[in-house]
Number of protein chains: 2
Amino acid sequence: MKIIDIQEEAIKLNLSLSNSMFSFKEMTTSIVKVTIDNGSKLIHGYAFNSTGRYACGAQMRNRFVPRILDRDQNDILRSNGDIDPKKVVKKMLTGEKPGGDMERSVAIGTIEVAIWDALAKHYDLPLYKYINKIYPEYNSTNKMFCYVGGGYYDENKTLDDLGVEIQNNFDNGYRLMKIKVGGAPIKEDIERIEKAIKVTGSPFKVALDANGGLTNANYLEYARELSSYGLRWFEEPVQPSDYEGYNNFIEHYRSSVAGGENLYSEQDVYNLIKYGGFRVGMDVLQIDMPQSYGISYFKDCLDRLKKVNWSLDQITPHGGNQMSLHIACGFGLSMCEAYPNVFGVFSGYDDSYIVNDGFITLSDRPGIGFEGQNELFKLFNEMK
Amino acid sequence: MKIIDIQEEAIKLNLSLSNSMFSFKEMTTSIVKVTIDNGSKLIHGYAFNSTGRYACGAQMRNRFVPRILDRDQNDILRSNGDIDPKKVVKKMLTGEKPGGDMERSVAIGTIEVAIWDALAKHYDLPLYKYINKIYPEYNSTNKMFCYVGGGYYDENKTLDDLGVEIQNNFDNGYRLMKIKVGGAPIKEDIERIEKAIKVTGSPFKVALDANGGLTNANYLEYARELSSYGLRWFEEPVQPSDYEGYNNFIEHYRSSVAGGENLYSEQDVYNLIKYGGFRVGMDVLQIDMPQSYGISYFKDCLDRLKKVNWSLDQITPHGGNQMSLHIACGFGLSMCEAYPNVFGVFSGYDDSYIVNDGFITLSDRPGIGFEGQNELFKLFNEMK
């Protein structure tokens, strides 16, 4: 088996929406196509760098792709001759200084996930089953509870618009809705939250996401005001690595918090638990695998988290797409994010998937299954 | 005042040396030229992205430069009409998600430092005096103690070669030498350290740098074995944000440790102190300003560190170059790193500077003074 080509392209998302911290107006993402020669035919694997971080093609072109393609590939193979994605990550990290991970973890992770796609196709398995083949110590599943990450602030969006958005998602089968907070005055945010509770029918069907955007002046006010609502979780109340802030927030909020999507190394996720006051069995860790060195790195991260008694039930992927859905199913996590109609063609799952009382059942389409996302796959298919 | 052009170019360093974690074989750096129209003439400011992190021109071209040049610039001016670098940083951060700083902090910081160079030239002041003009609450100085960061592992480099390297630096006036550890078996490293102590004449004239490269299996052995040597400091014994590891190391090592060069936000530096067990008045914080959003951001970082009683004496720049030297003098820090003959043309200071019993006295050349580094300035001067 040999990786014979890696192509990348930057795609502009063209979105008007925003959260408490930034707008997506200029946002781009890198799509990647990896071609593997398995000895009898060429197999293409695809991935994209998820959402919220800009395209990273320059890093791929200048460093990570040549480190794979320009060198002998014997050191990236398993004993059975298959490509070992973990060894590919190690090779891409040649010549890289420790720390400052995000500058490379998104590019490396996206390439790594595309390699998994190709490998799963080689075995004619859906990715989640191939993950289980490689890591049988984790229990995979073909059925995943998916919640909607939405409720963004948008130009001229009213309280009623928010209600309609949530109702539409529930009509489509979703049973948990996450909305943004911190981008409006707290009084207005509370109205939005109460609207969401009313439409969903329960505070336990509503989660909040501040995207690290609360300030020193208001974050404890949010904690106190929202403490008793019984909401599902409160995500990123403070800056992603403000462990002291997380601790203070938790002390006043008491209910479930979530975080982790903007940490890009096993070490930083571990720090969030150890120093951020995260509580086993109560708080939620969110990891963006394609942005954090990929699937094999996530496996190491899971192993470390298990050692400190962290439960798989409390770990979910950031980013609602076919990649995170398969990873959640492959490792038997309990939940996955979904972004129906939020990030253009990068939103959502296989076109044929339906949500049934909150759950999606995966088909046996080989690999990640971007081939089942018509509009998105056009982008991949037009690549060289 | 208006920024009318920002150019960047990636330069390959072509070095064979290595530390415990990586080799510099492929390393590149971005050089930057900013052109300011001050109303009567054009002024050029220069900077480069220091060492150890790759060129970041794509981020500059795709995001940070257009955010400055393609928009109205009234919001980056002080009330007197001068450009305010802090406001420029804020503008470059438009559309950026919190966390994952290094992917942008190097590009933003390098542009920011080049702007300072142009502004200092506008006032016909050396940068350290211009820093003092803007931040008079910090005491500037024109004289700085400089130590040598060197002692790298290199192909075929012997113990005697290391001794000659150190002796040459001491002959040239330096009085403190930092050498790499962790890239050889501990027995060999101890021989290197004892050689360094012998040549310098005192363990207090020798510091160590493991570049985060010790392992779980050997870091406490290094701590115990080297604890009683009386060395100046032990830098980055563990991964840059492994606060638990720093704590354990400090418990066994007891003497002075150092760290911080691979943390890119005020928050992460603060975390190193708070959770890494760093001791006020004993341990050393090292910050790479051009790689960490630049000078105005560093000022905010200093203000925050002062609030937790951290002393300026214990804060030094990472990266031995004219930029870090001026920043150290501008804020009245107590020490600066030097890399004579290590990183090619990006090594060292003004060609005319001499080291006198460990100290360098700055000239009144306006700005950062790259114009006094003949070989390096050729690169800047050839830019569009």
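Q: What makes β1(A) and β2(A) a pair, and in which sense do they run?
A: β1(A) and β2(A) share ten bridges, in the antiparallel sense. Two strands pair if there are at least two bridges between them, so this couple qualifies. Bear in mind that this is a predicted model.

Q: Which residue of β2(A) is the bridge partner of A10(A)?
A: That's S30(A).

Q: What is the strand order in the sheet, and how is the pairing described?
A: The order is β1-β2-β3 in chain A, an open sheet of three strands with antiparallel pairing.

Q: Why are β1 and β3 of chain A called edge strands?
A: β1 (2-12) and β3 of chain A each pair on one side only, and that's what the label refers to. As for the angle, neighbouring strands of this sheet are turned by 20° against each other on average, ignoring direction.

Q: Which helices lie across these strands?
A: Helix α1 (residues 57-69) of chain A lies across β1 and β2 of chain A, while α3(A) lies across β1, β2 and β3 of chain A.

Q: How do those helices run against the strands, going by the angles?
A: α1 of chain A runs at about 175° to β1(A). For α3(A) against β3(A), the angle is about 140°.

Q: What are the domains of chain A, and how far apart are their centres?
A: Domain 1 covers 2-124 and domain 2 covers 134-381. Their C-alpha centres lie 23 Å apart.

Q: How do you know that the two domains touch?
A: Residues count as in contact if their C-beta atoms lie within 7 Å. The contact takes 38 residues from domain 1 of chain A and 36 from domain 2 of chain A. On the domain 1 side, β2 (28-37), β3 (42-48), α2 (85-92) and α3 (102-122) of chain A each supply at least two residues. α3(A) gives the most, with twelve residues.

Q: What classes of residue make up that side of domain 1 of chain A?
A: There are 17 nonpolar, 13 polar and eight charged residues.

Q: What makes up the side of chain A that touches chain B?
A: The contact takes 33 residues from chain A and 33 from chain B. α1, α3, α8 (243-253) and α9 (266-276) of chain A each supply at least two residues of chain A's side. The largest share, five residues, comes from α9(A). By class, that side divides into eleven nonpolar, eleven polar and eleven charged residues.

Terms used. Residues are numbered from 1 along each chain as its sequence is written. Chains are lettered from A and ligands numbered from 1 in the order in which they are written. This is a predicted model: local features need pLDDT of at least 70, side-chain atom pairs count only at pLDDT 80 or more; totals for chains, interfaces and linings use all residues. Domain bounds come from an automatic or database domain assignment. Helices (H or I, at least four residues) and strands (E, at least two) are DSSP runs, numbered from the N terminus. Ala, Val, Leu, Ile, Met, Phe, Trp, Tyr, Cys and Pro count as nonpolar, Asp, Glu, Lys and Arg as charged, and the others, Gly among them, as polar. Axes are lines fitted to C-alpha atoms, for helices over the stretch in contact, and angles run from 0 to 180 degrees between N-to-C directions.
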